[in-house]
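Student: Please take me through one part of this model closely. I would like to look at the nonpolar core and the strands around it.

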Amino acid sequence: TYVVTAEMPGVTKEDIKVKMSWKTVVISSEHVEKKYHSEFPLEFELNTNSAKVRYQNGILEIKIKTKEQPKPKSTDV
């Protein structure tokens, strides 16, 4: 599980946009004079259906599980 935490004071929950794709999380927000944009490349493929987002007191927290990684197969030679 990845946890992404961002300080975003001065914006409302409705102003925040979170986009997730294969191995990237993008956070952006625009409210009056406050603008935020961050992109987080991650090592493993994300299970975007598992994402839980919480915004409280100017702190955004996103918890995302990774997809099950295939276990390496070994072969006797």
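**The core and its strands**

Tutor: This is a predicted model. Its largest nonpolar core has 13 residues. Those with the most contacts inside it are M8, I16, V25, I27, Y55, L60 and I62. Four strands each supply at least two residues of this core: β1 (2–7), β3 (24–31), β5 (46–56) and β6 (59–66). Of these, β6 gives the most, with three residues.

Now the sheet. Strands β1, β6 and β5 form an open sheet of three strands, in the order β1-β6-β5, and the pairing is antiparallel. β1 and β5 stand at the edges, each with a single partner strand, so one side of each has no neighbour in the sheet. On average, neighbouring strands here are turned by 15° against each other, direction ignored. Between β1 and β6 there are six bridges. Along this antiparallel pair, V3 stands opposite K63 in β6.

Next, take V25, one of the core residues with the most contacts inside it. Leaving aside residues up to four places away in sequence, V25 touches V18, K19, M20, S38, E39, F40, L42, L46, I62 and I64.

Then comes β3 with its partner. β3 and β4 run antiparallel and are joined by eight bridges. I27 has S38 as its bridge partner in β4. The hairpin of β3 and β4 has two residues between the strands, and V32 takes a positive phi near 50° there. Strand β4 covers residues 34–41. Of its eight residues, the number buried is zero, so β4 lies largely in the open.

Key. Residues numbered from 1 in each chain as written. Predicted model: local features only at pLDDT ≥ 70, side-chain atom pairs only at ≥ 80, totals over all residues. Heavy atoms only, no water. Core = buried A, V, L, I, M, F, W, Y, C linked by side-chain atoms within 4.5 Å. Buried < 20%, exposed > 50% of the residue type's maximum accessible area, 1.4 Å probe, protein only. Contact = heavy atoms within 4.5 Å. Pairing = 2+ DSSP bridges. Axes fitted to C-alpha atoms, helices over the stretch in contact; angles between N-to-C directions.
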